[in-house]
Amino acid sequence: MNPHLAAVMVAVCLASAASVAVAGELEVRKGVVTAMQPIAEKPDAVSTSTKRQLGGMLGQALGQAVGGRSGRSYEVTRLATNLGADIASSNTGGATVGSYVLIVRFDNAAESAFRRRGDQLARIRVGTRVKVVGSGDAAMLDAE
């Protein structure tokens with residue numbers, strides 16, 4: 001084996017091991033929330049009436065498969081159709097929770113923006129001191 005090739009392979013292995021150790025560390029910064037702006041929610045790609053129709057068709061198909069084509073199957077098919085339509089058109093997430101963009105001014109005068117859902121902001125308001133662990137939208141914001 002060529003000694004230069006072996007040296008390059010060892011250098012690559014050492015460099016990859018060093019980058020893994022650095023990647024595991026998270027930066028911790030402290031600052032103050034200076035602004036919170038709501039973000040408009042995107043509308044659903046499929047309307048509620050389309051969801052209801054598709055759910056009804058699926059329920060009808062399942063009802064016919066379970067009940068067969070006998071006289072009693074009509075009731076099973078009708079019940080499954082209504083149930084499928086109700087499930088498909090329901091809002092399973094409950095109340096929609098809006099998203100916000102938070103602007104944080106750090107103690108070193110740098111500023112960063114973070115996107116968070118409203119349910120993640122229980123104790124954070126404008127003027128709240130926060131500790132930011134990590135960076136970007138994956139960062140964890142914790143009120144001090």
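Biologist: How much accessible surface does the protein have, and what share belongs to carbon and sulfur atoms?

Modeller: This is a predicted model, and its areas are computed. The accessible surface comes to about 10300 Å². Carbon and sulfur atoms hold a share of 60%.

Biologist: What percentage of the residues count as buried?

Modeller: The cut-off for buried is under 20% relative accessible area. The protein has 144 residues. Of these, the buried share is 19%.

Biologist: In what order do the helices and strands run from the N terminus?

Modeller: The protein contains three helices and five strands. Read from the N terminus, the order is α-β-α-α-β-β-β-β.

Biologist: Which element gives the most residues to the largest nonpolar core?

Modeller: That core has 13 residues. Val33, Val104, Phe114, Ile124, Val132 and Leu141 have the most contacts inside it. Two or more residues come from each of β1 (28-39), β2 (99-106), β4 (129-133) and β5 (140-143). With three residues, the top contributor is β2.

Biologist: How many bridges join β1 to β2, and how many join β1 to β4?

Modeller: β1 and β2 run antiparallel, with eight bridges between them. β1 and β4 also pair in the antiparallel sense. The count for β1 and β4 is five.

Biologist: What separates the C-alpha atoms of Gln37 and Tyr100?

Modeller: Gln37 lies in strand β1. Its contacts beyond four places in sequence are Ser99, Tyr100 and Val101. Gln37 and Tyr100 are 63 residues apart along the chain. Their C-alpha separation is 5.4 Å.

Biologist: Is Ser99 buried or exposed?

Modeller: Ser99 is in strand β2. Beyond four places in sequence, Ser99 touches Gln37, Pro38, Ile39, Glu41, Arg116, Arg117 and Gly118. Its relative accessibility is 15%, so Ser99 counts as buried.

Biologist: What is the relative accessible area of Arg116?

Modeller: Arg116 lies in strand β3 (residues 111-117). Its contacts beyond four places in sequence include Ser99, Tyr100, Leu102, Asp137 and Leu141. Arg116 is buried, because its relative accessible area is 8%.

Biologist: How far is the charged end of Arg29 from the ring centre of Phe106?

Modeller: The structure holds zero aromatic pairs. A charge does sit over a ring, though: the charged end of Arg29 is over Phe106. The distance to the ring centre is 4.2 Å.

Biologist: What share of the contacts joins residues at least 24 apart in sequence?

Modeller: Take contacts in the protein between residues at least 6 apart in sequence. Of these, the share joining residues at least 24 apart is 56%.

Technical notes:
Residues numbered from 1 in each chain as written. Predicted model: local features only at pLDDT ≥ 70, side-chain atom pairs only at ≥ 80, totals over all residues. Heavy atoms only, no water. Core = buried A, V, L, I, M, F, W, Y, C linked by side-chain atoms within 4.5 Å. Buried < 20%, exposed > 50% of the residue type's maximum accessible area, 1.4 Å probe, protein only. Helix = DSSP H or I, 4+ residues; strand = E, 2+ residues; numbered from the N terminus. Contact = heavy atoms within 4.5 Å. Pairing = 2+ DSSP bridges. Areas by Shrake-Rupley, 256 points an atom, 1.4 Å probe, with all protein chains shown as cover. Phe/Tyr/Trp six-rings, centres within 6.5 Å; stacked < 30°, edge-to-face > 60°. Lys NZ or Arg CZ within 6 Å of the ring centre and 35° of its normal.
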